[in-house]
Amino acid sequence: MAMKTKVVRSSTDMNTKPYSPEEARGIVGSLKQPAVFCNMACDWPALKWSVEYLSSVLEDKPLRFRIGKRQTAKAPQFETQCCYAEATLSEFLAWTQGQPDAAIGPFSTSPYSQCWAYADYKYIAMLFEEESAMFQDVVWTDFGFPDRDGRDSTLWIGTEGANTPCHQDSYGCNLVLQVHGRKRWHLFPSEDTHCLYPTRIPYEESSVFSRVNVVNPDWNRFPAFAKARAHVVTLNPGQVLFVPRHWWHYVESIDPITVSINSWLEMDVDDEARVGEALTKTLVCALKSAPSPDNSDNWLNPTEVEATSHETNLRYLSLAVQSCLGKRKDLCNETLSVNPGAAVSSHTKRKRDTDGTTANKIGRKNHCEPPQFTFGPHLIPVPRKLDEQSASPGDKGGERCSCKHSDCSAPSNKLERHRCEKCSPSSSPERDSTNEAVLEEDKKEADTLTITTNDLLDCLLQPQVVSLVAKLLFDKQGTF
């Protein structure tokens, strides 16, 4: 086992940070857009976590790698479409270096030139349970979270091309430290959800996936994506990215090997979000577990162990509603005891607990003005992507033509065929017969239209529908 040298930071090091812990926490609590903190983690011991170093610490401990194909398909490569391998970091390194099969173990069936690998979402508390001193290498204290370190963080190790499909986290906000290599982040505001075509299949608790491959979109299937406001940033080692609550993000490694560490910060509004997630799980498991020919798809994400029973899901939903209502009533009683004439909205954030149990939660204290800050060299907003690649080839508001000419912007609706001047400069009997055949094919498709379980779930689990049902559940309990 490699010996670890504990790094002690001097007060001088900490005093050179551009923001004090209190200032950094205030900024995190006030930011409404993604931003990059620079020079806040420059002295963190975790920056020495190269794969070689981590391999010497973990030795023969295996990690589960997700292996995907290097491809340019227009559909996202969901985790359900990847294969998985249990391998050590030394085998991972040997694979990236092109060493013989004997050295790369489980990677021998995945050619490096055709595949990428990702050891993602690894809980540091579990990964280094025998090396607990390493928890102190991750210093979220610098951001004003004194009780948070590596124990409350996750580790991500990948090769070039390794990616996380575009998704939205249901809970909290996110701080991400880039340790080694670079990653490119594509982020979209929550207000653009309708442009991202959300789906809960594959199902993973707390993650809403997009059906769009945001780096190679299918404009015919997802024309509204042309209106999505992409914010793009390349995160370099030592930088910390702040991802606001409910911002969509697609993340891809762009260097041969990347290492990053993140921590999700709970928020007061997560109490209501948990009710929505419990409701979602109840509906997904009930409908997808029902015997049906269209339920043979691989709908459960590998991060979920198994589909839970309807009884279990209803019990969890009841507890989530009960917990949320209890906290609302506590807030109401506290407010009325201070100001008997005050009214409490059903969406008011509860106060932070005074016993320290939620010291790491993000919320706004009563009667406190948000901190004043300006963007600059130490806090850089993630810029909006305004180049032509962020809009469809036939942008200017028009949907792309389904023909082979990329500069044709006529509608691509199957039931409203158009005549592309480049494809058909003049009418001809041959062309007319082709059009008739296409229209006949469309008519047959319309006559045999079937709604699948996934189609139904995509409608039932729209965010506004889930919010409405959650509100009805609260009202049914006679709240306020």
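User: Which residue forms a salt bridge with R315?

Analyst: Side chains of opposite charge can pair when their charged atoms come close. The term salt bridge is used for a side-chain nitrogen of Lys or Arg within 4 Å of a carboxyl oxygen of Asp or Glu. Here R315 pairs with E311, and their closest N and O atoms are 3.4 Å apart. This is a predicted model, in which local features need pLDDT of at least 70 and side-chain atom pairs count only at pLDDT 80 or more, while totals for chains, interfaces and linings use all residues. Residues are numbered from 1 along each chain as its sequence is written, and side-chain values use heavy atoms, leaving out hydrogens and water.

User: Where do R315 and E311 lie relative to each other?

Analyst: Helices (H or I, at least four residues) and strands (E, at least two) are DSSP runs, numbered from the N terminus. R315 and E311 are 4 residues apart in helix α8 (residues 310–338), which means about one helical turn separates them.

User: Is E311 buried or exposed?

Analyst: Buried means under 20% relative accessible area, exposed over 50%, and partly exposed in between (1.4 Å probe, protein chains only). E311 is exposed at 58% relative accessibility, and R315 is partly exposed at 45%.

User: How many salt bridges does a search of the whole structure find?

Analyst: The search finds 14. One of them joins the side chains of D142 and K17, at 2.6 Å from N to O. D142 is in the loop between α6 (124–127) and β5, and K17 is in the loop between α1 (11–15) and α2, so the pair ties together parts 125 residues apart in sequence. Both residues are buried. Elsewhere, E266, D271, R274 and K327 are linked in a salt-bridge network.

User: What is the order of the strands in the open sheet?

Analyst: Strands of a sheet pair through backbone hydrogen bonds, either parallel or antiparallel. Two strands count as paired if DSSP finds at least two bridges between them. This open sheet has 9 strands with antiparallel pairing, in the order β3-β2-β4-β5-β14-β7-β12-β1-β15. β3 (83–87) and β15 (379–381) are at the edges with a single partner strand each, so one side of each has no neighbour in the sheet.

User: Which strands does helix α2 touch?

Analyst: Contact means heavy atoms within 4.5 Å. Angles run from 0 to 180 degrees between N-to-C directions, with axes fitted as lines to C-alpha atoms, for helices over the stretch in contact. Helix α2 (residues 21–30) packs on the sheet, touching β1, β7 (173–180), β12 (240–243), β14 (257–265) and β15, and its direction makes about 170 degrees with that of β1.
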